[in-house]
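Subject: Structure handover

Hello,

Here is the structure I promised to pass on. Please open it first, then read the notes below it.

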2 protein chains.
Amino acid sequence: MAGIDDVARRAGVSTATVSRALSGRGPVSAATRDRVRAAADALGYVVSASASSLATGRTRAVGVVVPFLDRWFFSTVLAGISDGLVRRGYDITLYSVSEDPAERRRVFDDHLRRQRIDAVITIALELDAAESAHLRGLGVPIVAIAGPNPLLTTLTVDDLAVGRLATAHLLDLGHRRIAHIGDDGAGSADTGSSVPALRRHGFVRSLADAGVDDAWVEAADFTIEGGSAAATRALTAAAPPTALFAASDEMAIGAILAARALGLRVPEDVSVIGVDGHELGRWFGLTTVDQFARGQGERAAAEVLDELDGAEPARGRGTLPFELVDRGSTAPPRA
Amino acid sequence: MAGIDDVARRAGVSTATVSRALSGRGPVSAATRDRVRAAADALGYVVSASASSLATGRTRAVGVVVPFLDRWFFSTVLAGISDGLVRRGYDITLYSVSEDPAERRRVFDDHLRRQRIDAVITIALELDAAESAHLRGLGVPIVAIAGPNPLLTTLTVDDLAVGRLATAHLLDLGHRRIAHIGDDGAGSADTGSSVPALRRHGFVRSLADAGVDDAWVEAADFTIEGGSAAATRALTAAAPPTALFAASDEMAIGAILAARALGLRVPEDVSVIGVDGHELGRWFGLTTVDQFARGQGERAAAEVLDELDGAEPARGRGTLPFELVDRGSTAPPRA
DNA sequence: CTGTTAGCGCGTTCAA
DNA sequence: TTGAACGCGCTAACAG
């Protein structure tokens, strides 16, 4: 593989000039710049990432940390991030962290600290204090998507408001017996500020505001299967709810499938609303609160690039849009 | 950030010994190794990736090249790769390439050549000769999943056999008017050996073997929407098929939804079979040829790690398992 | 088993 | 505007 001195020799200049010509930093006459570029092209020369990083301290790579790769929301946000970063010549280094504490520690203590990345984006990651500290300790820009974290610059939708919006939609239709499918607050590490918890809080408060005391919550794990099971439990109860608010579209779809399996029609017999804007929702006529996942990724990429360009980190929390999309899975309760 | 000499000073040894102790290469007494490790832990020292790479030529990172991030098959395979690689301490650098030639060239000519990765895994990528050459030119192990490519070591299911298996299943049930939803061979760059083309060939040949001449193909783009549209076209034709073989589960699900929308029951009025093993298939009772996507990723990771450990590249093509999973969306045609 | 030394390939001073 | 020379942080070869 051709090195910088091959290019220098071929162009009849010094390596310093090659470096300046190709990076654009420092003065180079147009003529020599062209000659250098031609030589580089002819030789197929590409700057070595490690040598360049070692010399400059910059890597032209951004680390993206995700808890899941194979769930719709995460892969969609990731696609948005990728779009935004690739255009600017950045590579993405992917860190998938599970719940396993040992593996998590490996990622936060080792992998992320190898000085391989110029910035970090996390997606819906619930970090403990030590992990947040480790991230900050990296000394690079950090953007946390969908993880309201007092210790980090975050970019997040107002999930409390999302919970309120979905609940208000059902209340406005006249529903009073509503079950929420999602996080039930029983999780051990729940700080109350996780995305699932906030959606639930929005639900509970909206009900309270409307004078409904009974806030029914069925725990589920954000999969179709979990949503289906939770909905089945609710709908087969003695006094079943007239509406279901699922904290994700995947669970909402599970709920619709469960309702169908029980011989119930949606929305005639039971209304269902979700959150996400999952592409599949369209096929189920699912009413949802869209949070524009791909846009979140693009936005995070833009924010990170800004900070790498020297912009000040957005103070506190960037706020992300959301919107009710009514596709027909909700209707007034039956008389 | 602590450097290697900080550790050396604290442990009372030379930097070379620190390097040896932490990397495990070269002889170090147990006692000093422990002292060095303790010092490194105390200082929170982690080897700088760029410095280490520059010195060794190894990066401990694997590049993964994908055409899509937000489609089930790709994110699932990616999850499998990640699992396999993270366990062994490798990072993943993600390269998402679109159809756009300029962007593709940037990825193949620049990004991949920055000497940032020790190996490459591609997922269902159709590469032209120049791109294949560029990959080979990297001089690193390459494993191509699901892209039968004569120029590369590939790991792929026998998609011709997959097409045959699905078609045979329908033929065995007694179907004779079968439409294939997928690639119609009209694509410009189709070499005839792409995954979609092979599945279609399997379909066509199976029919021919059974003495059925009319091989009906409806083009679709591997999305639910595309599958739905193609199925609608087929099922509203003058003499509609009694069975549909979709080249992916997403299209098969679209076909089921389209059939329902037309008031047709599956499988009573029309049988549907897909390919993939998409998790959603279960909820639609979709009969499919499962290809164990996550396992493909794990297998590719293992193969790459083997080659990095010095094993010979698997000659020719590694073969991946597939299996018919009957969930009830196929049945004999109506009398 | 351990220390010394010379690069790995590039970016960036500082002089010219 | 250009070139020479040093150093980024670590590893590998060689001595001891």
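**A loop residue to start with**

B:Ala124 sits in the loop between β3 (119–123) and α7 of chain B. Its phi is positive, about 45°, although B:Ala124 is not a glycine. Most residues other than glycine have a negative phi. B:Ala124 is partly exposed, with a relative accessible area of 22%. Please keep in mind that this is a predicted model.

Look for B:Arg60 in the loop between α4 (49–56) and β1 (61–66) of chain B. The relative accessible area of B:Arg60 is 37%, so B:Arg60 counts as partly exposed.

**Cis peptide bonds**

Most peptide bonds are trans. In chain A, the bond from A:Val266 to A:Pro267 is cis, with omega near 10°. A:Pro267 is placed in the loop between α11 (249–261) and β9 (271–276) of chain A. In chain B, B:Val266 and B:Pro267 are joined by a cis peptide bond, and omega is about 10°. The loop that holds B:Pro267 runs between α11 (249–261) and β9 (271–276) of chain B.

**Chain A as a whole**

Chain A has twelve helices and twelve strands. Its C-alpha trace spans about 85 × 40 × 30 Å along the principal axes. Of the 335 residues in chain A, 53% are buried. Now take the contacts in chain A with a separation of 6 or more. Residues 24 or more positions apart account for 69% of them.

**Helices α6 and α7 of chain B**

Two packed helices are described by the angle between their axes and the distance between the axes. Helix α6 covers residues 101–110 of chain B, and helix α7 covers residues 129–137. They pack at an angle of about 25°, with their axes 9 Å apart. Angles under 35 degrees count as roughly parallel. α6(B) and α7(B) are therefore roughly parallel to each other. The crossing of α6(B) past α7(B) is left-handed.

Which residues of α6(B) and α7(B) make the contact? From α6(B) come B:Arg104, B:Phe108 and B:Asp109. From α7(B) come B:Glu131, B:His134 and B:Leu135. By class, the contact of α6(B) with α7(B) has three charged, two nonpolar and one polar residue.

Which residues of α6(B) are buried? They include B:Arg104, B:Val107 and B:Phe108. These residues cover an arc of only 90° around the axis, which puts them on the same side of α6(B). The buried residues of α6(B) pack against β2 (91–96) and α7 of chain B.

B:Glu103 is also in helix α6 of chain B. With a relative accessible area of 22%, B:Glu103 is partly exposed. Leaving out residues up to four places away in sequence, B:Glu103 touches B:Ser96, B:Val97 and B:Ser98, and also A:Val86.

**Helices α1 and α2 of chain B**

Helix α1 (residues 4–11) and helix α2 (residues 15–23) of chain B also pack. Their angle is about 100°, and their axes are 8 Å apart. Angles of 65 to 115 degrees count as roughly perpendicular. α1(B) and α2(B) are therefore roughly perpendicular to each other. On the α1(B) side, the contact is made by B:Ile4, B:Asp5, B:Val7 and B:Ala8. On the α2(B) side, B:Thr15, B:Val18 and B:Ser19 make it. The residues of this contact of α1(B) with α2(B) divide into four nonpolar, two polar and one charged.

Is B:Ser271 buried or exposed? At 0% relative accessibility, B:Ser271 counts as buried. B:Ser271 is found in strand β9 of chain B. Not counting residues up to four places away in sequence, B:Ser271 touches B:Leu170, B:His175, B:Thr242, B:Ala243, B:Leu244, B:Ser329, B:Thr330 and B:Ala331.

B:Asp209 is in helix α9 (residues 195–209) of chain B. At 58% relative accessibility, B:Asp209 counts as exposed. B:Asp209 and B:Gly163 are 46 residues apart in sequence. In space they are 13 Å apart, C-alpha to C-alpha.

Best wishes

Conventions: Residues numbered from 1 in each chain as written. Chains lettered and ligands numbered in written order. Predicted model: local features only at pLDDT ≥ 70, side-chain atom pairs only at ≥ 80, totals over all residues. Heavy atoms only, no water. Axes fitted to C-alpha atoms, helices over the stretch in contact; angles between N-to-C directions. Helix = DSSP H or I, 4+ residues; strand = E, 2+ residues; numbered from the N terminus. Parallel < 35°, antiparallel > 145°, perpendicular 65-115°, else oblique. Left-handed = near helix turned anticlockwise from the far one by under 90°. Contact = heavy atoms within 4.5 Å. Nonpolar A, V, L, I, M, F, W, Y, C, P; charged D, E, K, R; others polar. Buried < 20%, exposed > 50% of the residue type's maximum accessible area, 1.4 Å probe, protein only. Arc of directions from axis to C-beta.
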